[in-house]
Amino acid sequence: MQIKCNNVKYLYNPKDITDKNALNGVSLTIKQEEFVAIVGKTGSGKSTLVQTFNGLLEPTDGYTQVGDFIVTGNIKLKKSLLKTKSKEFIKLNKKQSKLKKVVGLVFQFPEYQLFNETILKDVMFGPKNFGLTNEEAEKISRKTLKEVGIPEDYFDKSPFELSGGEKRRVGIAGIIASQPDILVLDEPTAGLDTNGKKEILDMIEQYHKEGHTIIVVTHDMDLVMERASKVFVLNDGVVIHETTPDKLFNENDLSLYSLEQPAFYKFKKELKEQGFAGDIANIKDVDSLINLIVKSKIHGVKHE
Amino acid sequence: MDSLKAIEVKNLCFNYEKDVPIIKNVSFSVNKGEYVSLIGHNGSGKSTLAKLIAYLDEATSGEIYIDGLKAEDKNASAIRERIGIVFQNPDNQFIGSTVEDDIAFGLENRNIERSQMVKLVKEYASEVGMEDYMNKEPQELSGGQKQRVAIAGILSLGLNIVILDEATSMLDPEGVEDINNLIMDMKAENHDLTIISITHDMEEAYLSDRVIVLNKGEIVEDGTPTDVFADEKKLHDIGLGIPFVLNVKNKLNEKGIKVPDDIKTIKGLSEFLCK
Amino acid sequence: MNSNNLFGNLTHYNTFVHRMDARLKLFIMIVLMVACFLPYGISNYIDNSGNVISSSYYSNQFMVLGLVAVVILTLMAFAKVNILSFIKSMGAMWFMMIFLLVIMVFIPKTGDTRIYYVMHDFGNGYVIFWDGLLQCAQIFLRLILMIGLTMVLTTTTPPMQITYAFEWYLTPLRLFHFPTQVVSMILSLALRMIPTILDESQRIMKAQRSRGVDFERGFVSSKIKSIVTLIVPLLVSCFARSEQLSLAMYARGYDPYAKRSKYRVLKFHFLDLLSLIGCLLIIALFITLCVLSQVYKINYIEQWFGISGAR
């Protein structure tokens, strides 16, 4: 199942064209099982865009197509798009309640959405809403909680007894338990320490390996560098760049995109500027870079 | 008490609800004008330690001296006049209904006369670059702007010891840079300013005067960044990373290239390697 | 969302009402509301000898109330209150008024019904009177005037100013050791937090929607379940917030019972003095009308226009 945005526009207040969080015509395609990052400065429209993926927000113009679902607030457009489609297609798009199961959206600080008496019940909540029976929901919830590293003796505890990091994992588990085809996460590593970040990212990568599409909205360039295979750069509500992380960070001036280079790429850039006489461009990790530097020192290569 | 020491902590212990030890026999001191980074994994007790030093909570045992004053009930208000703390959540420390009201809050608490307050509020709003936002309400401001207001509030009280409790961890990169630059400016302007920064940012810790590492309520390292970050494995075991530049330096060192200790930035390192 | 939009209708004109001190506005509002509810005449009654003394109670009331209405409407005009929002804010009332109307007209009256004016006699002992209708109309008029007065306050005064005004009025209570400064701190903190908490509730609702919660559809029972998914996290976060807030306040030296200076002061201007005098004169007039009518048992409409009470 792929996601296709076709000139998606969104205005919070249709009367205000200078609305900062507007989407001004986003077009992109995210293919099945890709691990994609969406980046851009605050206010570029990243969070607004992903909310059109699960139908929370409907574009004021243009449309987002997720598999057979068409999300748009433009009724005329929707009618014309559905005209030539089959009955099942039209029926699917009438209620679109299944879309939220197919696209699991995890908001920033998911620990704040916990409400149930026990952790297990909280994780079971989503799957049950999407039609699973109690037994089925419990089974998948137990499995998911184990996968995210929550010990079994915690299952009957109140979610409010956990630490921040543990609560976050339970929050994410609550969405993964519904087994969405596409998992979208908004700033999953915000506010975490090094270990915490790694745990969450490993969790996400595991879900990716199981055959699902991952979309991450983030400011964390290290995350993008280490895990994503494709990155979309948003600015002022439009996609201004679509590339791979390596190509993006190798570019000379990231301030155009209001982005911060990861330390590794900053280092490569500085070396180049200082006249380093080695082929840095294709080096993609620290150890290879170290080897290259050592080699050039040993061979006494002169740098300009 | 040594008058050079801004903070002195001796054998500090803190138990949560009678018998859960959070801080275990911590001792250290901070000189006037030092920039100390306090690092440790989540749950190591960093925030608790910060609150104890700011005398927002009573230790179970041990002593704390702020500017020579012992942290006990009779000195409570005197201590408030010397040490301030900026918390992590920009919204939950914004008291006033507007920027100027919030900066004035601390001054009101000190019962400062109104005309003086108006002057101070204007002065410190400008210091942090918020003079054009005086009557803005918090929901109209970004996280970075709210933290700037929090810092203005502390500066306006003339405090010389500032604790930053992960003050940038809830901000976007722009906000982080904003606040870090502001703190650097503050430090440059006031050499007596003592800063204790609780942080996850190893790069920031690397550039400070001193690093204290907390693990499960105990201090496991206390020294210059170079010394503290030397044992990469030890830090890794307790859940911490090391700064990028140091990581590169260590690896170069393993292969026989020695880089001087005082080189701490990417630029400096590149310059050195390309000589 | 600005806290100025708490009541949803703050306007930004620069009328003298906008510029008026908030304390005075509060005073005028309450005083004029009192004027709406004062009796200005006497209704029909049965005297000692059993005669029905008839008067022009309703027409008299409506006349004087009409004067009050003129004052209030003038004030609304000065404050540039939007007529459309005025009518909109009465929206929910219409239904209630019709309900009340039906009750007051059609429920049989008790007591000596000779003092009432007959509207229609159905013949079988069931009679309906004009009084029900007229009483209802009077209630309605008073309600409209109250709404208009409140709108004058909310469209011309930012909520923060209203809390400062409240605080000022509460100061005398300090003599009775009532912690007015604590109450006003609580009020202003609450006001400051409303937009923040509203934003948070939106975020929580979106997160729960993404887990399949439907806040709009469903029967009462499922709606209650949906609301729980919003209320619980919101409450928990509110408690966490208040803990952090109080720590921050404590750290900045806040002592609720210590003497604190005030950054914000309400200034009383010369224009306000004029408005105050004007208001006092007006209320003096209405109070006089009320008292005289009760003491001398007269209805002004008869005195001034010779309209008799007999029907």
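Helix α3 of chain B is followed by B:Asn111, whose phi is positive, near 60°. Helices here are DSSP runs of H or I with at least four residues, strands are runs of E with at least two, and both are numbered from the N terminus. The model is predicted: local features need pLDDT of at least 70, side-chain atom pairs count only at pLDDT 80 or more, and totals for chains, interfaces and linings use all residues. Residues are numbered from 1 along each chain as its sequence is written, chains are lettered from A and ligands numbered from 1 in the order in which they are written, and side-chain values use heavy atoms, with hydrogens and water left out.

**Enclosed helices of chain B**

Helix α3(B) spans residues 99-109, and eleven of its eleven residues are buried, so the helix is largely enclosed by the rest of the structure. Buried denotes under 20% relative accessible area, exposed over 50%, and partly exposed the range in between, with a 1.4 Å probe and protein chains only. The buried residues of α3(B) include B:Val99, B:Ile103, B:Phe105 and B:Leu107, as well as the acidic B:Glu100, B:Asp101, B:Asp102 and B:Glu108. Their cover includes α4 (114-127) and α5 (143-156) of chain B, together with α7 (159-170), α8 (180-209) and α9 (220-251) of chain C.

B:Glu108 belongs to α3 of chain B and counts as buried because its relative accessibility is 12%. Apart from neighbours within four places in sequence, B:Glu108 is in contact (heavy atoms within 4.5 Å) with B:Met117, C:Arg260, C:Ser261, C:Lys262, C:Tyr263 and C:Arg264. B:Glu174, in helix α6 (residues 173-189) of chain B, counts as exposed at 56% relative accessibility. The C-alpha atoms of B:Glu174 and B:Arg80 are 31 Å apart, and the two residues are separated by 94 positions in sequence.

Helix α11 (residues 266-273) of chain B has six buried residues out of eight, so it too is largely enclosed by the rest of the structure. The buried residues are B:Ile266, B:Gly268, B:Leu269, B:Ser270, B:Phe272 and B:Leu273.

Two packed helices are described by the angle between their axes and the distance between the axes. Axes are lines fitted to C-alpha atoms, for helices over the stretch in contact, and angles run from 0 to 180 degrees between N-to-C directions.

| Helix pair | Axis distance | Angle |
|---|---|---|
| α2(C) and α10(C) | within 10 Å | roughly 10° |
| α7(C) and α8(C) | 9 Å | about 170° |

The angle between α2 (residues 22-37) and α10 (residues 270-296) of chain C makes these helices roughly parallel. Their contact involves, among others, C:Leu24, C:Phe27 and C:Val31 of α2(C) and C:Leu276, C:Ile283 and C:Phe286 of α10(C). By contrast, α7(C) and α8(C) are roughly antiparallel. Contributors to that contact include C:Met160 and C:Leu170 of α7(C) and C:Val183, C:Leu187 and C:Leu191 of α8(C). Angles under 35 degrees count as roughly parallel, over 145 as roughly antiparallel, 65 to 115 as roughly perpendicular and the rest as oblique.

**Chain A overall**

Chain A has twelve helices and ten strands, and its C-alpha trace spans about 70 × 55 × 35 Å along the principal axes. Of its 304 residues, 53% are buried. Among contacts between residues at least 6 apart in sequence, 61% join residues at least 24 apart.
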